[in-house]
Amino acid sequence: MWLIWKGFGILTIFIIGVSMIGVQAVVDNIFGTDYWSNNAWPLSLSLIISGLICWFLGRYLNSRPGKTVIDKETGEEFQLRKTHSFFFIPLQYWGIISGILSIIAYIWKMKK
């Protein structure tokens, strides 16, 4: 599988992975082994947490000012900014995607 990212967009995978591992460790430690796999809410909680982190981190990184450059021939000014995206989707929008996935995962696990 190919991973396509710009800037810090690759952090999307790490944020979601660390959030899932962290919530699973805490939930299984508090409620007992296999609680994560037997209940719907821990997965949804981890996706919501990772979604919030992606949203705020993406908003911060993608709103930073760029470098102003002046074209010598035309005298026109424009901004060069770094973008942070994963699979061509800006990092902050992965927060929304993660939130939607948390709802889908919760409903899907509750039906089982």
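I started at I10 and, leaving aside its neighbours within four places in sequence, found it in contact with L3, W5 and F86; contact means heavy atoms within 4.5 Å. The model is predicted, so I note that local features need pLDDT of at least 70, side-chain atom pairs count only at pLDDT 80 or more, and totals for chains, interfaces and linings use all residues. Residues are numbered from 1 along each chain as its sequence is written, and side-chain values use heavy atoms, with hydrogens and water left out.

Next I looked up the largest nonpolar core, which has 7 residues: I10, I15, C54, L61, F86, L91 and W94. Such a core is a set of buried Ala, Val, Leu, Ile, Met, Phe, Trp, Tyr and Cys residues joined through side-chain atoms within 4.5 Å; buried means under 20% relative accessible area (1.4 Å probe, protein chains only). Helices α3 (41–62) and α4 (91–111) each supply at least two residues of this core. Helices are DSSP runs of H or I, at least four residues, and strands are runs of E, at least two, numbered from the N terminus.

I then checked how α3 and α4 pack: the angle is about 170° and the axes are 6 Å apart. Axes are lines fitted to C-alpha atoms over the stretch in contact, with angles from 0 to 180 degrees between N-to-C directions. The two helices, α3 and α4, are therefore roughly antiparallel, a term for angles over 145 degrees.

Last, I traced the open sheet, 3 strands in the order β1-β4-β5 with antiparallel pairing; strands pair if DSSP finds at least two bridges between them. The edge strands are β1 (5–6) and β5 (89–90).

Terms used: Buried means under 20% relative accessible area, exposed over 50%, partly exposed in between (1.4 Å probe, protein chains only). Angles under 35 degrees count as roughly parallel, over 145 as roughly antiparallel, 65 to 115 as roughly perpendicular and the rest as oblique.
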